[in-house]
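The entries follow in the order in which I made them.

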Amino acid sequence: HPGYPPDYYLTPPPTTIRIVVKSSADSTAISGANVVLYNANTGESVSREFSQSDGIATFQASLSGNYYVRISAQGFKELPEGSVSPVPFSVSSGQTISQTYYMNALPGTFGKIDGTVNPHLPGFLIVATSSGLNTEYHTYSGPDGYFVLFNIPFNTYEIDAIKSGYQSSNQPQVTLTPGSA
């Protein structure tokens, strides 16, 4: 077929995954939710996006396979909640799929801690420890090294990033106060 580039038949069509994030209370869109896409077979994080003002986080790639998402947002309980396992979904190459997730509101006023680990890699365990509250919160860095902990009680926290083969060079201290989050 003249006119087609040589790799025309080798390039898979783009795959689009639309994750729609809504409040379970009134079905309103939740913007600014941190949506991390994982490969369901390996458990590795593949991509990360924030939901936009319409509540939609869009992932586009030439991928097919099984995926799941973990979603966190300020003022809402994380999805999946507690010890519930994420439900995987399949997408075929070139397909556009849309998945809607409903988040339950979390009563109370909290802050958030976010940042980027260096090197900018996925899979760092981020631990925020508060000696004042005698508690800790944890999450993992996404594919770009970004992490966010939403709904953290106001206090002072030591932040640690842990990954096999890396040594933590410092423990930044973060103090959350109302109005600073």
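I looked up Pro119 and found this residue in the loop between strand 8 (111–116) and strand 9 (125–130); the model is a predicted one, and in it a cis peptide bond joins Asn118 and Pro119, with omega about 10°.

I then turned to Pro80, where the peptide bond from Leu79 is also cis, with omega near -10°, and I placed Pro80 in the loop between strand 5 (65–72) and strand 6 (89–91).

Next I checked backbone phi angles. Ser27, which is not a glycine, has a positive phi near 60°; I located Ser27 in the loop between strand 1 (15–23) and strand 2 (34–39), and I noted that Ser27 is partly exposed, its relative accessible area being 40%. Asn151, likewise not a glycine, has a positive phi of about 60°, but I found Asn151 in strand 11, and Asn151 counts as buried because its relative accessibility is 11%, under the 20% cut-off.

Which residue does Arg48 pair with? The partner is Asp144, and I read 3.0 Å between the closest N and O atoms. The two residues lie 96 residues apart and link distant parts of the chain, with Arg48 in strand 3 (residues 45–50) and Asp144 in the loop between strand 10 (135–140) and strand 11 (146–152).

Technical notes. Residues are numbered from 1 along each chain as its sequence is written. This is a predicted model: local features need pLDDT of at least 70, side-chain atom pairs count only at pLDDT 80 or more; totals for chains, interfaces and linings use all residues. Side-chain values use heavy atoms; hydrogens and water are left out. A salt bridge is a side-chain nitrogen of Lys or Arg within 4 Å of a carboxyl oxygen of Asp or Glu. Helices (H or I, at least four residues) and strands (E, at least two) are DSSP runs, numbered from the N terminus. Buried means under 20% relative accessible area, exposed over 50%, partly exposed in between (1.4 Å probe, protein chains only).
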